[in-house]
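Good morning, colleagues. Please have the sequence and the three-dimensional view open while I speak.

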Amino acid sequence: MKVVIANLKMNFVTAKECDQYLDTLNVAWKKYKNLDVVNLIVCPSTLFVERFAKKLPDGVILGGQDTFWKARGSFTGETSPESLKDASVKAVICGHSERRFNWHETDEQIECKVAAVIIQGMTAIVCVGETQEEREHEDTATVIAEQVTVALVRVSLEQLPKVIIAYEPRWAIGASITPTTQEIMQIRILIQKIIVKKYGAEALEKTTIIYGGSVTTALMDEVCVHAHMDGVLVGRESGNPLELLKMMDALV
Ligand code: PGA
């Protein structure tokens, strides 16, 4: 199953703004036909998760943008993965590059988040990607290999369908540049090799690998379809539901 993930970030900050977005999505969704081949996961900010749970169209999957790894306790300001599950969240972004960069999240912390999300029966959307500096030093493959390997430490073969790996080079996020089709394909192959080494060849069909970073409808062929990726993680453009549906169509 292909997937388009909308990361709304902190771009809709009032209930009114959320409702306008949901209204547009609901109208557009009525005309959408390819529900059995492409999933749409929408990740609002945590405060609006319950609002989205009530108002998302049937068939659209509710996602979270982040979680803490502990389920309960004295962790002021954090969100429990159990609370997300209780609020009908089905998938949670772990280790988005903005969290790695602004909050200095480490591979080990992200691994804890992945494990916590999966224990709750939700899907972990694991973001991996190199910085501009790492790219210039030709460290991309080493960095991605480390990030993927650590993120999957506690994930079993049976749990692998509960993981979506999103390749999101930091330098392409919120920018206007993207890697070439060839570069994205190479990362896909690298991630597949790590999966095969750890779980065996049978794991490949259980693995979902997507691309994220400056995705637009016009770029879908270049960054996703021709690179044989299983979908996209969309930031800025996800603010427009109509574009999301066009991206889903590009995957059919
Ligand atoms: P962008 O963000 O599409 O705005 O580059 C992608 C992301 O942050 O996941």
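Predicted model: local features only at pLDDT ≥ 70, side-chain atom pairs only at ≥ 80, totals over all residues.

Strand β5, residues 123-128, and strand β6, residues 163-167, run parallel and are joined by five bridges. One of the residues concerned is V128, whose bridge partner in β6 is Y167. Turning to the other neighbour of β5, we find strand β4, residues 91-94, which pairs with β5 in the parallel sense over four bridges. Here I93 is placed opposite I125 of β5.

How enclosed is β5 by the rest of the structure? It is largely enclosed, because six of its six residues are buried. The burial applies to both faces of β5: T123, I125 and C127 are buried on one side, and A124, V126 and V128 are buried on the other. In a regular strand, side chains alternate between the two faces of the sheet.

In what order do the strands close into a barrel? Eight strands take part, in the order β1-β2-β3-β4-β5-β6-β7-β8, with parallel pairing. From one strand to the next, the twist averages 25 degrees.

On the helical side, I draw your attention to α8, residues 181-199. This helix lies across β6 and β7 (208-212), and its direction makes an angle of about 150 degrees with β7.

A further helix, α9, comprises residues 220-225 and contains V223. Is V223 buried or exposed? V223 is buried, because its relative accessible area is 0%, and the cut-off for burial is under 20%. Leaving aside residues up to four places away in sequence, V223 touches T178, I184, Y211, V215 and M229. By contrast, R51 is 172 residues away from V223 along the chain, and their C-alpha atoms are separated by 32 Å.

I turn next to the pockets. Rolling a probe the size of a water molecule over the atoms shows where empty space is left.

The largest pocket holds about 600 Å³ of space. Its lining consists of 22 residues, and those nearest its centre are T46, Q65, D66, R99 and W103. The elements giving two or more residues to this lining are α4 (97-102) and α5 (107-119). Of the lining, the largest share comes from α4, with three residues. By class, the lining has ten polar, seven charged and five nonpolar residues.

The second largest pocket holds about 290 Å³. Which residues lie nearest the centre of this pocket? They are N39, T123, P161, I164 and T208, out of 16 lining residues.

Thank you for your attention.

Note on methods: Residues numbered from 1 in each chain as written. Heavy atoms only, no water. Pairing = 2+ DSSP bridges. Axes fitted to C-alpha atoms, helices over the stretch in contact; angles between N-to-C directions. Contact = heavy atoms within 4.5 Å. 1 Å grid on protein atoms, 1.4 Å probe; cavity = no way out; pocket = protein on both sides within 12 Å on 5 of 7 lines; lining within 4 Å. Points joined across faces, edges and corners; volume = space filled by probe spheres on them. Nonpolar A, V, L, I, M, F, W, Y, C, P; charged D, E, K, R; others polar. Buried < 20%, exposed > 50% of the residue type's maximum accessible area, 1.4 Å probe, protein only.
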